[in-house]
Amino acid sequence: MATLYQGNVPTIVQTTDASGPVIRTIQLSDLQDALRRGWEDFKAVPSHAIILCVIYPVLGLVLARMVMGYSVLPLLFPLAAGFALIGPFAALGLYELSSRRERYEEASAWNAMEVLRSPSFGAMLGLGALLLALFVTWVATAQAIYVAAFGYEGVTGISDFTTRVLTTQQGWWLIVVGCGAGFLFALAALCISAVSFPLMLDRHAGAFEAMSTSLRVIARNPVPMAAWGVIVAVLLALGTIPAFLGLAVVIPLLGHATWHLYRKVIVSEPGAHPAPPPPHRPRKPAADFPANLFPWRNKSDA
């Protein structure tokens, strides 16, 4: 059966699976289109996206200063690489913005906060905590690998650290083992969060269903999703080079693009409309309460 997605070439869709959403087969060109749509979203609401992601450059600068101050320079690269592990959770507000623009609704910083009222926000927090635990474990693993290579002796500066890593046998061992371990952590994060958060936001799925759907997406589209992982890693690396300030652009771009990638790889439910968040209820003054709640008021009025 052929399915159209906003002007894309029809693709073959998986037979309906009662265990979860139907997954579409995508091509490498779909990744380019998702990035293009993500860039359009970023240009449409740049100030809002930067406000949502300003914590990243600030956090990056703080981490870099902490690393320099406490002579743990070897952890600077693992900390920067770890942004890829927790990025999917931090982009929740960006998914909401892209979703609203898709429906031709107002998209602003306050609208992005609507994600906090999502019925599945608890599940999002749970999966976010899992990604945070993965990030902490990765940093601890990177530290253990460095200690195994060079021991507990500190470095005197950037030049000393660079010389150790690039000109010694232990340094090359550190590069190979460290990159291999980092790849495994990044692969785990990609497998469980490729489309998890957009799915929870869009269909209010539980954490387990969202993770299993992401695994199915990876299994059905191994080459495109592997390419997506490489794109994410490269863009994040480029964003960290200018003192982490590039993340103010990279994180919004990837967040918006992830929403459009989700739309491409998951077949929309015909006629399905996500449940709206509960409406705000204005507070009523005491004078507006029914009189029968205060019987003594009736007596005094009489």
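Both Trp138 and Phe185 are buried, where buried means under 20% relative accessible area, exposed over 50% and partly exposed in between, computed with a 1.4 Å probe and protein chains only. The structure is a predicted model, in which local features need pLDDT of at least 70 and side-chain atom pairs count only at pLDDT 80 or more, while totals for chains, interfaces and linings use all residues. Residues are numbered from 1 along each chain as its sequence is written, and side-chain values use heavy atoms, with hydrogens and water left out.

The rings of Trp138 and Phe185 have centres 5.6 Å apart and planes at 55 degrees, so the pair is tilted. Rings of Phe, Tyr and Trp (its six-membered ring) are taken as a pair if their centres lie within 6.5 Å; planes under 30 degrees apart count as stacked, over 60 as edge-to-face and the rest as tilted. This pair joins distant parts of the chain, with Trp138 in helix α8 and Phe185 in helix α10 (residues 169-193), 47 residues apart. Helices (H or I, at least four residues) and strands (E, at least two) are DSSP runs, numbered from the N terminus. A tilted aromatic pair is also formed by Tyr146 and Phe150, at 5.2 Å centre to centre and 45 degrees between the planes. Tyr146 and Phe150 are 4 residues apart in helix α8 and therefore separated by about one helical turn. Tyr146 and Phe150 are both buried. The count of aromatic pairs comes to 5.

In the protein as a whole, there are 15 helices and 2 strands. Of the 302 residues, 45% are buried. Among contacts with a separation of 6 or more, 72% are between residues 24 or more positions apart, a contact being heavy atoms within 4.5 Å.

In soluble globular proteins, nonpolar side chains tend to be buried together. Here the largest nonpolar core has 70 residues, and those with the most contacts inside it are Met124, Phe197, Met225 and Trp228. Helix α8 (residues 121-150) supplies the largest share of this core, 13 residues. A nonpolar core is a set of buried Ala, Val, Leu, Ile, Met, Phe, Trp, Tyr and Cys residues joined through side-chain atoms within 4.5 Å. When residues up to four places away in sequence are not counted, Met225 touches Ile26, Leu190, Ala194, Val217, Ile218 and Leu261.

Val230 lies in helix α13 (residues 222-240) and counts as exposed because its relative accessibility is 51%.

Side chains of opposite charge can pair when their charged atoms come close. The whole structure contains 12 salt bridges, each defined as a side-chain nitrogen of Lys or Arg within 4 Å of a carboxyl oxygen of Asp or Glu. Asp33 forms a salt bridge with Arg36 at 2.5 Å, N to O, and Arg37 forms one with Asp33, the closest N and O atoms being 2.7 Å apart. Arg36 and Asp33 both lie in helix α1, 3 residues apart, about one turn of the helix. Arg37 and Asp33 are 4 residues apart in helix α1 and so are separated by about one helical turn. Asp33 counts as buried because its relative accessibility is 13%; Arg37 is buried as well, whereas Arg36 is partly exposed, with a relative accessible area of 39%. A network of salt bridges links Asp30, Asp33, Arg36, Arg37, Glu40 and Lys264.

Another salt bridge joins Glu105 and Arg100, with the closest N and O atoms 3.7 Å apart. Glu105 is partly exposed at 36% relative accessibility, whereas Arg100 is buried, with a relative accessible area of 14%.

Gln32 also lies in helix α1 (residues 28-44) and is exposed, with a relative accessible area of 59%. The C-alpha atoms of Gln32 and Ala257 are 9.2 Å apart, although the two residues are separated by 225 residues along the chain.
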